[in-house]
Amino acid sequence: KGNHDFGSNNLSQYILNELMANGSYARHVETLRNVYRVKRDAMLQAIETEFRDWPEVRWTHPAGGLYVWLTFPENVNAGPSGELIERALQEGVLYVPGEFGHAGDPGTIPNNEVRLSFGVCEPKDIQEGIRRLRKAARGLEKNQMTSDTLLTA
C-alpha cells in the first residue's frame, strides 16, 4: 500500500484492523447497504410512477453503486447545453448529463442520458426530485411524437 499512497497512518490501520476483526466493519457495511437499497428503491418506484406514460424512457436497476442511469429517446437533448437540463434547473433539480460518463469520440457520445444519484437525499426528497424532473421533461415527449409522425408520413 505504501507504494501507492506513501502509506496510511498507523492509528487508522490499527482501528480498521480491529473493526474488521471484531465484525463491526461488516455490520456497518450491511447497515449502509440497507439504507441505500431503500433509497434506490424509492428512486426506481418514483421513476416508474412518473415516467410510465412515456414508454420510450428507459432506466437501469442498479445492483450496486449510488446511481440510476436514465435514457430518454434520442431526440431529447439531456446534455449540458440541452433543453432538459435548463428546464430541470428551473424546477430545482439537478442531474449529471450522461455524456460525462462516456469516453471516446465526442461525435459518438449520446446526449440523451442522465445519471441520477440517490446517495444523499431521503426517499421523500428523491420522490420529489423525480416528480420535478418529469415536470421539466413534459412537452419533450411531444417532440418525439412529432418526429415519429414526420418519419412515417
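Colleague: Why is Phe51 called buried?

Modeller: Phe51 has a relative accessible area of 1%. Buried means under 20%, exposed over 50%, and partly exposed in between, with a 1.4 Å probe and protein chains only. The value of 1% falls under the 20% cut-off, so Phe51 is buried.

Colleague: What makes Phe72 buried?

Modeller: Its relative accessibility is 2%, so Phe72 counts as buried too.

Colleague: What sort of model is this, and what does it count?

Modeller: It is a predicted model: local features need pLDDT of at least 70, side-chain atom pairs count only at pLDDT 80 or more, and totals for chains, interfaces and linings use all residues. Residues are numbered from 1 along each chain as its sequence is written, and side-chain values use heavy atoms, with hydrogens and water left out.

Colleague: How many aromatic pairs are there?

Modeller: The count is 3. Rings of Phe, Tyr and Trp (its six-membered ring) pair if their centres lie within 6.5 Å; planes under 30 degrees apart are stacked, over 60 edge-to-face, and the rest tilted.

Colleague: Why is the pair of Phe51 and Phe72 called edge-to-face?

Modeller: The ring centres are 5.9 Å apart and the planes stand at 70°. That angle is over 60, so the pair is edge-to-face.

Colleague: What does the pair of Phe51 and Phe72 tie together?

Modeller: Phe51 lies in helix 3, and Phe72 in the loop between strand 2 and helix 4 (83-90), so the pair ties together parts 21 residues apart in sequence. Helices (H or I, at least four residues) and strands (E, at least two) are DSSP runs, numbered from the N terminus.

Colleague: Why is the pair of Trp54 and Phe72 called tilted?

Modeller: The centres are 5.5 Å apart and the planes are at 55°, so the pair is tilted. Trp54 lies in the loop between helix 3 and strand 1, and Phe72 in the loop between strand 2 and helix 4, so this pair ties together parts 18 residues apart in sequence. Trp54 is buried, as is Phe72. Phe51, Trp54 and Phe72 form one aromatic cluster.

Colleague: How do you know what helix 3 should span?

Modeller: The expected span is 1.5 Å times one less than the number of residues. Helix 3 (residues 24-51) has 28 residues, so it should span 40 Å; its end C-alpha atoms are 40 Å apart, which agrees.

Colleague: What do the buried residues of helix 3 pack against?

Modeller: They pack against strand 1 (58-59), strand 2 (67-71), strand 4 and helix 5. Among these buried residues are Ala42, Leu44, Ile47 and Phe51.

Colleague: What makes Ile47 buried, and which residues does Ile47 touch?

Modeller: The relative accessible area of Ile47 is 0%, so Ile47 is buried. Contact means heavy atoms within 4.5 Å. Not counting residues up to four places away in sequence, Ile47 touches Arg52, Trp59, Val68, Leu70, Leu116 and Ile130.

Colleague: How do you know where pockets are?

Modeller: Rolling a probe the size of a water molecule over the atoms shows where empty space is left. On a 1 Å grid over the protein atoms alone, a cavity is a set of points where a 1.4 Å probe fits but cannot get out; a pocket is an open set with protein on both sides within 12 Å along at least five of seven lines, and lining residues have an atom within 4 Å of a point.

Colleague: What lines the largest pocket?

Modeller: There are 15 lining residues, of which Val93, Asp125, Ile126, Gly129 and Ile130 lie nearest the centre. Helix 5 (123-137) gives the largest share, 7 residues. The volume is about 210 Å³; grid points are joined across faces, edges and corners, and a volume is the space filled by probe spheres set on the points.

Colleague: How does the lining of the largest pocket divide?

Modeller: Into 9 nonpolar, 3 polar and 3 charged residues. Ala, Val, Leu, Ile, Met, Phe, Trp, Tyr, Cys and Pro count as nonpolar, Asp, Glu, Lys and Arg as charged, and the others, Gly among them, as polar.

Colleague: And the second largest pocket?

Modeller: It holds about 170 Å³ of space. Its lining includes Arg33, Tyr36, Arg37, Arg40 and Phe118. That lining divides into 6 nonpolar, 2 polar and 3 charged residues.
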